[in-house]
Amino acid sequence: MTATKPSRMSIYLLAGVATSNSIFTECKVKLEQMFQSDGVEPAIHVIFPYGDASRSLVRQVLEVKSDLSNRLTAGRIGGQHALEKIKQTMSSERLLLIGHSGGGAAAYQAAKMLYEQDQIEDFRIVQIGSPRTPIEPKLQERVSYFHSIDSLGKLNDPISRIGTWGGWSISKYAMPRWNRMKYAPGYVEGIPTVGGHADYFRHTEDYSDQEAVCNLDKTVDRVRGWLKGWV
């Protein structure tokens, strides 16, 4: 009997601003184990759309701002940079982009451009602790968004408050009303993490809860749950 050959998937981890080169080291290991156990052979790449921690913070922040809009005139600097890297290395027809902070905005813009250029059809985007980037309705179900919450379930990551998903909803017989989730990702969930914005991928005891579950495990488990049925 011939063994089933594992399916392949190109996975990209996109960092935000002022990020160390080691941010995704343990995350890559977890993802490789997760996908291989699901019968998928992952090719995982790390992209720094705005440069690493050695680059000017002010310049990086301005570049992230260019990725927070769907206007045709937007620069989408991080998205363009990510797009180039993906085109150079993508080795399968299935694509998963996981972006932290500003990297989540760049991930969406890069995937959107690939889709509009008919370069990719089967893809998913995961935004973690990212600014709120408006998602086009036709792509909303392909995008998930995870943010840190405190013990009371309240959002406690200040970066997740930046930007907006809102827009005006207009019906034929009613006054226009503001819908704060009109352009939101199709799935939004809070993660009770230890620490703050920079700590979603921490795996040491200092970043574990009372049940000894670390932030990284929580983050990867949420991503896995959302991807169930697609992987």
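In which helix is the place of Gly 103? Gly 103 is found in helix H4, where helices (H or I, at least four residues) and strands (E, at least two) are DSSP runs numbered from the N terminus. The structure is a predicted model, in which local features need pLDDT of at least 70 and side-chain atom pairs count only at pLDDT 80 or more, whereas totals for chains, interfaces and linings use all residues. Residues are numbered from 1 along each chain as its sequence is written, and side-chain values use heavy atoms, with hydrogens and water left out.

Gly 103 counts as buried, at 0% relative accessibility; the term buried denotes under 20% relative accessible area, exposed over 50%, and partly exposed the range in between (1.4 Å probe, protein chains only). From C-alpha to C-alpha, Gly 103 lies 11 Å from Ile 77, and 26 residues separate the two in sequence.

Strand S3 (residues 94–100) is mostly covered, with seven of its seven residues buried. Strands are taken to pair if DSSP finds at least two bridges between them. S3 pairs with S1 in the parallel sense over five bridges, and Gly 99 in S3 is the bridge partner of Leu 14. S3 also runs parallel to strand S4 (residues 122–128), to which seven bridges join it; the bridge partner of Leu 97 in S4 is Ile 125. Between S3 and S4 the chain passes through helix H4 (residues 102–116), forming a right-handed β-α-β crossover. A crossover is right-handed if, with the strands pointing away from the viewer, the path from the first strand over the helix to the second runs clockwise.

Aromatic side chains were examined next. Five aromatic pairs are present in the structure. Rings of Phe, Tyr and Trp (its six-membered ring) pair if their centres lie within 6.5 Å; planes under 30 degrees apart count as stacked, over 60 as edge-to-face and the rest as tilted. The pair of Phe 24 and Phe 201 is edge-to-face because the ring planes meet at 75°, with the centres 5.2 Å apart. This pair links distant parts of the chain, 177 residues apart: Phe 24 belongs to the loop between strand S1 (7–14) and helix H1 (25–37), and Phe 201 to the loop between strand S8 (187–191) and helix H5 (215–227). Phe 24 is buried at a relative accessible area of 2%, and Phe 201 is buried at 7%.

A charge sits over a ring if NZ of Lys or CZ of Arg is within 6 Å of the ring centre and within 35 degrees of the ring normal. Arg 94 lies over the face of Trp 230, 4.5 Å from the ring centre, and the charged end of Arg 132 sits over the ring of Trp 165, at 4.8 Å from its centre.

The loop between S8 and H5 also contains Ser 208, which is buried with a relative accessible area of 19%. The side chain of Ser 208 reaches the backbone oxygen of Thr 204 at 3.1 Å.

Zero disulfides were counted, a disulfide being a pair of cysteine sulfur atoms within 2.5 Å. The sulfur of Cys 27 has its closest cysteine sulfur in Cys 214, and the distance of 11 Å is too far for a bond. Cys 27 is buried, with a relative accessible area of 2%, and Cys 214 counts as buried at 5% relative accessibility.

Technical notes: A polar contact is a pair of N or O atoms within 3.5 Å; within protein, one must be able to donate a hydrogen and the other to accept it, and residues adjacent in sequence count only if both atoms are side-chain atoms.
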